[in-house]
Amino acid sequence: MGLLTQEQKAFFKTEGYLVVQSLITATEVEYYSSLYNSFLDNSINASQYRSDLSGSSGEKEKITQIMVPSKLVPELKEKALHLKSLAIAQELMGDDIELDFDMLINKAPFTDTITPWHQDAAYWIDMPDKRAASCWVAIDPAYKENGCMWYTPKSHLSDILPHRQTGNKGALQCDGDEENSVFIELNPGSCVFHQGGTLHYSRGNTTADNRRALITNFRPKAMIELERKKGVDHTGDREIRK
């Protein structure tokens, strides 16, 4: 028996996103929270994979991104978050789906820096099989004021929109608006899946709370192998930003 209902699968297909409550337990959230803080405070040295997506040159990172944490902590791939999100991704898109890469993104307190509207597929090379999904797992409560995710329903059903450079390390943005979109507030341990073509963004964090998220990204095994052959591994200039 699968983890999803037919209604959930249909919603993901038509709307382009899907909320899954309580992907991991409160005890498991504690494990990820502790590990996450070890990345943020450099107890785990992830300098080669770390950047500030805000483009700020100040001392304080506004939007910390750490790519491929499971390269530095391989046990992550055998823990609940990776295993359950992979199982759901396979239910949504097929048994040939595998983990492409994972990442951590934190919006620090009182930084009030948006992540611009964009579609993940705008960053990717063109591939014959375009199935792709990201699983965005809240480690902290995610709500409007600290930068929860916003999605434009059904946007994945149209062609990828024109994107332009933001001037920040190759980050892209396109036109979008909250009026035609929905915001997804999550408790720690809950998650939202979205398709590669789904238009999304997040507000800045105006609160005293962090907005920590752990993201797993999935696509067909053959497409991952094709990307690698072409030199794309999502740890350098082609980071996928949320």
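Mentor: First a cut-off: a disulfide here is a pair of cysteine sulfur atoms within 2.5 Å. Keep in mind that the model is predicted.

Trainee: OK, how many disulfides does the search find?
Mentor: The search covers the whole structure and finds 0 disulfides. For Cys148, the nearest cysteine sulfur belongs to Cys191 and is 14 Å away.

Trainee: Is Cys148 buried or exposed?
Mentor: Buried, because its relative accessibility is 1% and the cut-off for buried is under 20%. Cys174 is buried as well, with a relative accessible area of 4%.

Trainee: Changing topic. What is the average pLDDT of the chain?
Mentor: The chain averages 93, and 95% of the residues score at least 70.

Trainee: Where is the pLDDT below 50?
Mentor: Over residues 237–242. That stretch still has 36 contacts in the model beyond near neighbours in sequence. Where pLDDT is low, the predicted coordinates should not be read in detail.

Trainee: Now the sheets. What is the strand order in the sheet of 7 strands?
Mentor: S1-S11-S6-S13-S4-S3-S2, an open sheet with antiparallel pairing. Its edge strands are S1 (17–20) and S2 (50–52), and each pairs on one side only. From one strand to the next, the twist averages 20 degrees.

Trainee: How many bridges are there between S4 and S13?
Mentor: S4 and S13 pair over 10 bridges, in the antiparallel sense. Leu99 stands opposite Phe218 in S13, and Glu98 has Arg219 of S13 as its bridge partner.

Trainee: And what about S6 with S13?
Mentor: S6, residues 133–138, also runs antiparallel to S13, with 6 bridges.

Trainee: How many residues of S13 are buried?
Mentor: 10 of its 10 residues, so call S13 mostly covered.

Trainee: Which helices lie across that sheet?
Mentor: Helix H4, residues 80–93, lies across S1, S4, S6, S11 and S13, at about 45 degrees to S13. Helix H1, residues 6–15, lies across S1, S6 and S11, and runs at about 145 degrees to S1.

Trainee: Next, H5. Which residues of helix H5 are buried?
Mentor: Met223, Ile224 and Glu227 are buried in H5, which spans residues 221–229. Seen down the helix axis, the buried residues of H5 fall within an arc of 105 degrees, so they line one face of the helix.

Trainee: What covers the buried residues of H5?
Mentor: The cover includes strand S4 (97–107) and strand S13 (211–220).

Trainee: And what follows H5?
Mentor: Gly231 follows H5, and its phi is positive, near 85 degrees.

Trainee: Last one, the sheet of 4 strands. What is its order?
Mentor: S5-S12-S7-S10, open, with antiparallel pairing. The edge strands are S5 (115–118) and S10 (182–184), each pairing on one side only. The twist there averages 25 degrees from one strand to the next.

Trainee: How many bridges join S7 to S12?
Mentor: 3 bridges, between residues 149–151 of S7 and residues 200–202 of S12. Trp150 has Tyr201 in S12 as its bridge partner.

Terms used
Residues numbered from 1 in each chain as written. Predicted model: local features only at pLDDT ≥ 70, side-chain atom pairs only at ≥ 80, totals over all residues. Heavy atoms only, no water. Buried < 20%, exposed > 50% of the residue type's maximum accessible area, 1.4 Å probe, protein only. pLDDT = per-residue confidence, 0-100. Contact = heavy atoms within 4.5 Å. Pairing = 2+ DSSP bridges. Helix = DSSP H or I, 4+ residues; strand = E, 2+ residues; numbered from the N terminus. Axes fitted to C-alpha atoms, helices over the stretch in contact; angles between N-to-C directions. Arc of directions from axis to C-beta.
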